[in-house]
Amino acid sequence: MAQIDWILYLTAATFYAISSVIYIYCLVFKKEKKLNFAINSALLGLLFHSVSVALRWITAEHGPYISMYEVLSSYAWVSVALFLLAQQKYEKIKIAGFIAMPVAFLIMGIGSTYSRDIQLIPASLRSYWLIAHVGFAKLAFGSILVAVGIAALYILKERHSNRSGTDENSFYDRLPELKVMDDLMYRFVASGLLFLTIMIGAGAIWANQTWGRYWGWDPTETWSLITWFTYGICLHLRMNVGWSGKRIAWLIIFSIFVLAFSLFGIGYVYSGLHTSYLTS
Amino acid sequence: MDSNTGKRISAFLKSKKLAIILIFIIILLSIIGTHIPQKSQLKPEVYNTWKNNHPEEAVIFEGIGFTNLFSSVIFLGILLLLFISTIFCIKTMLSSALRRLNSTSQFQSMAYIKELENNTVLMTRKAQNRAISEIDDVLRSNGYRVFHDKNRIFAQKARHGVLGIPLFHICILFIILASVYGSIGRMEGDMRLIEGQLLSEDHENYMFINEGPFFNENHKKFDITLEKFYPDYKDETGTPRGPAGKLSISENGKKMKTGVVYLNNLVDYDGYTFLGNVYGLAPLLILLNQDGTVFSGSYIAASDTDSSGRYTAYFDIGDTGIEGGLMVYMTANLTSEKITASQTEQVPVLFLKVFDRGKEIYDGTMRLNDTVKISDKYLGFYDIKYWSNFYVVKDDGTILVYTGIGLITFSLVMIFFIVPKRVYAEIIEEDDETKIYLGGRADKFRFLYKEEYCSLVNNIKERLSNGTD
């Protein structure tokens, strides 16, 4: 079964790669009609990926949150699933896949470099709060990744509008209006902040059950708070200080590095209570 | 202080930019705090190693309090300023939110409606009253509360969403206050129990104890017994849970609670939480007189481990001058299950060295029920049990912090997903037709609201075009 889930993983990664190439091709050469191929590739990839994750879950007898291979695989899965749902609801932003799909493919690629050996779940990780904690971390990452895709589109569209005015038949002008895209990134970042809050809350309860304190300024905890503050500032600037459009778009793009470091990078820089879980 | 200075201070503290600057400083300090070793997070020996390796940095960082950054004056001062700033902001936010919540009817003229992002002019042959009634119906069926004033309509939904922002900020204050309240009244300590042993929840029965300034030695003094220890516990579903201890808590001889403590499974009683911690073996050594009567004896918790993972301890026997060191291990892995004949028998083995006033008088191995002659007495190894340390925490702020986290999550849902929406209409009867000025807006995601607004307008159009007056 382990071999099958790996083959499915590679198949999914291949479809994500194809989807990424088509997305980038569509963006560069303004071939909107080809976007359906990209979406279908992403869908096919997601299908294989879902079966791979499910098989791994059954074989390992625990969810995808113990080894880095499982963790990264599930992050990619949630990101692709959330993006496909988002583009289903807001059809005009489907080109935002030119960010979401390459990132998902990159995550799959990094995941494939880690050991695929099944690790037994340590007693300290047998908690429903852990499932909520990691589940919402993945949702937060997925939401914010979609926001980053829209932010990048916003910047491209704005640059195009400033340079060549508007033309109803142009690729960029068939994207949603700038104001709508501004609202969309705002909404996805807001969802991300909500998921981050639940992630931190569930983590605090889990920490209290395991270590007897809900907060201990461990580097992972501190960075999760830094990330929460970063997105808090982002929304505060948007809501109360009048920042919108390009400035917020750049801030959203920059902020995902803080989030990515907080989720994936901590284990390689700091030692702490979480880090053994985050590097193996 | 004159009123102008007061206003300036108030304006400074209410400033939205101040909050951002303070949060930014907290972020910077937090990053610094994750890079500089923090005393509170490291074992003393690890911290001291860093200090010895970086003496110059250590002097500087200790001097400015950065080795205890998260409880340093600078960090707490910034937090306090943010706290005060939040209080000032809440006052303004709350009054504005309540004002908007209570103003139920905001009828607007067509001039105002025409300025909205979403506005439409509809014409119908229906009479003014009939048109008002149709619009009212559509708005209500879309979840709006509708109000009329002559020929004007005002409708709104999700109006309670305006409370989201003040609630969010109140929750932040609540969480900070709850954690401060919890930490100043907090008690944490390690209690060591040998299987079957009963200890009272009292200051002197903790091996290590840390009491917050407001805890006031407020120990409940109930009795705790370690009924049984399981080195490899499996729960009722057969899931391996690692080491676990079955604790019972009694008051005045009456058993009040029994529970098994293992990782992620605590026992709570009267505000106290018991968590599993380290464990080991405790052999029973009894010193007998030559006539077989007991001179002295006790279980000795072998709490240190040597490089091979065997438990070791040092002991002395009263004022006899006899002291010694022991090392104990089991001939099979520690297990809670009965050893079957096919498995290695689980037998405790004791390596013992005994000294009488510094002179070695015994060095040998003992098995269960062995006795050896020590001076004019006999030392017997008669039993072995597990001991376990329990980490005991009393933090009355925890439940408040959890409540705060729950409320803050709810407030974020209110802010971003219960968005107040308003629709305004003015209906004017002109000659043989009725003109409807319709407009709508949402407090947030205004341009995304357009889709919902267009669907509303289409519904109204459909209703107005159906039938005749």
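In this predicted model, strand S18 (residues 371-374) of chain B pairs with strand S19 (residues 377-394) of chain B in the antiparallel sense, over 4 bridges. One of the paired positions is Ile374(B), whose bridge partner in S19(B) is Lys377(B). Together S18(B) and S19(B) form a hairpin with 2 residues between them, and in the turn Ser375(B) has a positive phi of about 50°.

**Strand pairing in chain B**

S19(B) also has other partners. Strand S11 (residues 272-288) of chain B is joined to S19(B) by 15 bridges, and the two run antiparallel; in this pairing Tyr272(B) stands opposite Lys394(B). Strand S4 (residues 187-194) of chain B pairs with S19(B) in the antiparallel sense as well, over 8 bridges, and here Gly189(B) stands opposite Val392(B). A further pairing in chain B, between strand S16 (residues 348-356) and S17(B), is again antiparallel and has 8 bridges, with Leu352(B) of this pairing facing Gly364(B) in S17(B) as its bridge partner. The table sets these pairings side by side.

| Strand pair | Sense | Bridges |
|---|---|---|
| S18(B) and S19(B) | antiparallel | 4 bridges |
| S11(B) and S19(B) | antiparallel | 15 bridges |
| S4(B) and S19(B) | antiparallel | 8 bridges |
| S16(B) and S17(B) | antiparallel | 8 bridges |

S16(B) and S17(B) belong to an open sheet of 5 strands in chain B, which has the order S13-S14-S15-S16-S17 and antiparallel pairing. Which strands stand at the edges of this sheet? They are strand S13 (304-305) and strand S17 (359-367) of chain B, and each has a single partner strand, so that one side of each is left without a neighbour in the sheet.

**Domains of chain B**

The domain assignment divides chain B into domain 1 (3-99), domain 2 (108-158 + 419-465), domain 3 (182-278 + 391-406) and domain 4 (280-386). The centres of domain 3 and domain 4 of chain B, taken over C-alpha atoms, are separated by 29 Å. Where these two domains meet, 10 residues of domain 3 of chain B are in contact with 9 residues of domain 4 of chain B. On the domain 3 side of this contact, S4 and strand S7 (223-234) of chain B each supply at least two residues, and the largest share, 5 residues, comes from S7(B). By class, the residues on this side of domain 3 of chain B divide into 6 nonpolar, 1 polar and 3 charged.

**Domains and helices of chain A**

For chain A, the assignment gives domain 1 (1-106) and domain 2 (122-280). Their centres, again taken over C-alpha atoms, lie 19 Å apart, and the contact between them takes 23 residues from domain 1 of chain A and 23 residues from domain 2 of chain A. On the side of domain 1 of chain A that touches domain 2 of chain A, helix H3 (68-89) and helix H4 (97-111) of chain A each supply at least two residues, while H3(A) gives the most, with 8 residues. The residues of this side comprise 15 nonpolar, 5 polar and 3 charged.

How do two helices of chain A, H5(A) and H8(A), cross, and at roughly what angle? The axes of helix H5 (residues 128-164) and helix H8 (residues 246-269) of chain A come within 9 Å and cross at roughly 150°, which means that H5(A) is roughly antiparallel to H8(A). The crossing of H5(A) and H8(A) is left-handed. Among the residues of H5(A) that take part in the contact are Phe141(A), Ile144(A), Val148(A) and Glu158(A), and among those of H8(A) are Lys246(A), Ile252(A), Ile256(A) and Leu263(A). By class, the contact of H5(A) with H8(A) has 16 nonpolar, no polar and 2 charged residues.

**Where the two chains meet**

Between the chains, 40 residues of chain B are in contact with 41 residues of chain A. The elements of chain B that each supply at least two residues of the side touching chain A are helix H2 (16-35), strand S8 (240-251), S11, S19 and helix H9 (398-417). The largest share, however, comes from H2(B), with 11 residues. By class, the side of chain B that touches chain A divides into 24 nonpolar, 11 polar and 5 charged residues.

Key: Residues numbered from 1 in each chain as written. Chains lettered and ligands numbered in written order. Predicted model: local features only at pLDDT ≥ 70, side-chain atom pairs only at ≥ 80, totals over all residues. Domains from an automatic or database assignment. Contact = placed C-beta atoms within 7 Å. Nonpolar A, V, L, I, M, F, W, Y, C, P; charged D, E, K, R; others polar. Axes fitted to C-alpha atoms, helices over the stretch in contact; angles between N-to-C directions. Parallel < 35°, antiparallel > 145°, perpendicular 65-115°, else oblique. Left-handed = near helix turned anticlockwise from the far one by under 90°. Pairing = 2+ DSSP bridges.
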